[in-house]
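Hello,

Here is the structure I promised to pass on. Have a look at it, and then read on for my notes.

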Amino acid sequence: MSQEYRIAVLAGDGIGPEVMAEARKVLEKTAAGEAISFAFDDQLVGGAAIDGAGIALPKETLAACEKSDAILFGSVGGPKWESLPPNEQPERGALLPLRKHFGLFANLRPSVCFPSLTHASPVKESIIEGGFDVLCVRELTGGIYFGSPKGREERDGEPVAIDTMVYRRSEIERIARVAFTAAGSRDHRVTSIDKANVLENGLLWRETVEAVAKEFPEIELNHLYVDNAAMQLIRNPKGFDVVLAPNLFGDILSDEMAMIAGSLGMLASASLGQRAAGPGFDAAGDAEELYFGLYEPSGGSAPDIAGQGIANPIAQILSAAMLLRHSLGLGEAATRIEKAVRAVIDDGLRTSDIFTEAEGTRRVNTVEMGDAIVERV
Ligand code: IPM
Ligand code: MN
């Protein structure tokens, strides 16, 4: 009997629906090769939900996510909703509550530059020749994003704004374990980021990561202050394997790494919470840890090219692959998708964002890229 997985599909705004259609095709094709099937549950989110239901994250959407094995997220936001109050805007109004509601504490952001796509990076060829593969593990539900007190008050007759950076030891421990575990199936190196020369938080972060490292003797650990890390990442991205960072620092450094990699259209991400109970989880029978998760491209909704059918669907497709691996325990199926993506790049297929006139390359649109990957899966 085939196992059915329920996926909440939140395509969102801009290029979201276009690239999501390609990811679904790839998932369907992948399922055909395994004894599995997918039930996709389409729901409104972001600007589309503001227009359709008056709020960026409607109750029905949240309820559908609760019933699902995982969430496949597109992208949200656009000029149409930029004048709304910050908390009601698509990005903050949908993403932050989803993270908090599902306790998605671990944000995995792979920054991968394929050897044949180094030209898409603004960084000198001599620095990134041969490409690179860095994984940012960002803490996602703590730190200055969510600490209290938070807000505004008046002091001495003028407004004061307050955000508080708070980390509990247990929050640092669990994200550190995710980073060390990930390093175990990579190059066995973790660089932990903090500001221990200034922040109390940095001291606790560093001593806690040191303690967790003892559980992983095969992993090499080093520490960098965040300001120095910002420089070293651009000086020698190839020197990094896993970068472990608190919420705000990870937000900033992962964007820097995405820029160094070249095209946002290629970068996937996963936001993982506790292991969830449900039909999908018992059947996996896999030793790997499984998490409930939200999977989304690192790039935004790209309103400038939305509706033209030229967006790169690879980030969305690779996000779907991460979903298979981390939430469904289907690591082999995920690898098949990742290999198919590499194969079409090797074949010279390029969407506009990664295209340069060169021998053996061909410019394709969103659907053509999706079809070529489906073909290869
Ligand atoms: C991201 C985004 C979000 C963040 C915003 C939209 C709330 O920048 O996912 O990195 O800061 O976490
Ligand atoms: Mn960000």
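To get started, which helix does Ser327 lie in? Ser327 belongs to helix α11, made up of residues 314-328. Please keep in mind throughout that this is a predicted model. Is Ser327 buried or exposed? Its relative accessible area is 0%, so Ser327 counts as buried. The side chain of Ser327 also has a partner: a polar contact of 2.7 Å links it to the side chain of Tyr295.

Some side chains in the shell place an N or O atom close to a ligand oxygen, and here are the distances:

- Tyr145: 2.5 Å from a side-chain N or O atom to an oxygen atom of ligand 1
- Arg99: 2.7 Å from a side-chain N or O atom to an oxygen atom of ligand 1
- Arg109: 2.8 Å from a polar side-chain atom to an oxygen atom of ligand 1

How much of ligand 1 does the protein cover? On its own, ligand 1 has 320 Å² of accessible area, and the protein covers 76% of that.

Now to helix α6, which runs over residues 169-184. Which residues of α6 are buried? Glu171, Ile172, Ile175, Ala176, Val178, Ala179, Phe180, Ala182 and Ala183 are. The cover over these buried residues includes the strands β4 (106-113), β5 (132-139), β8 (189-194), β9 (220-225) and β10 (242-245), together with helix α7 (200-213).

Helix α7 is also where you will find Trp205. With a relative accessible area of 1%, Trp205 is buried. What does Trp205 touch, leaving aside residues up to four places away in sequence? Its contacts are Glu139, Tyr167, Ile172, Ile175, Ser192, Ile193, Asp194, Leu244, Ala245 and Pro246. Of these, Ile172 and Ile175 are among the buried residues of α6. Tyr167 is 38 residues from Trp205 in sequence, yet their C-alpha atoms are 7.9 Å apart in space.

Enjoy exploring it!

Best wishes

Notes: Residues numbered from 1 in each chain as written. Chains lettered and ligands numbered in written order. Predicted model: local features only at pLDDT ≥ 70, side-chain atom pairs only at ≥ 80, totals over all residues. Heavy atoms only, no water. Helix = DSSP H or I, 4+ residues; strand = E, 2+ residues; numbered from the N terminus. Buried < 20%, exposed > 50% of the residue type's maximum accessible area, 1.4 Å probe, protein only. Polar contact = N/O pair within 3.5 Å; in protein donor to acceptor, adjacent residues only side chain to side chain. Expected span 1.5 Å × (residues − 1). Contact = heavy atoms within 4.5 Å. Areas by Shrake-Rupley, 256 points an atom, 1.4 Å probe, with all protein chains shown as cover.
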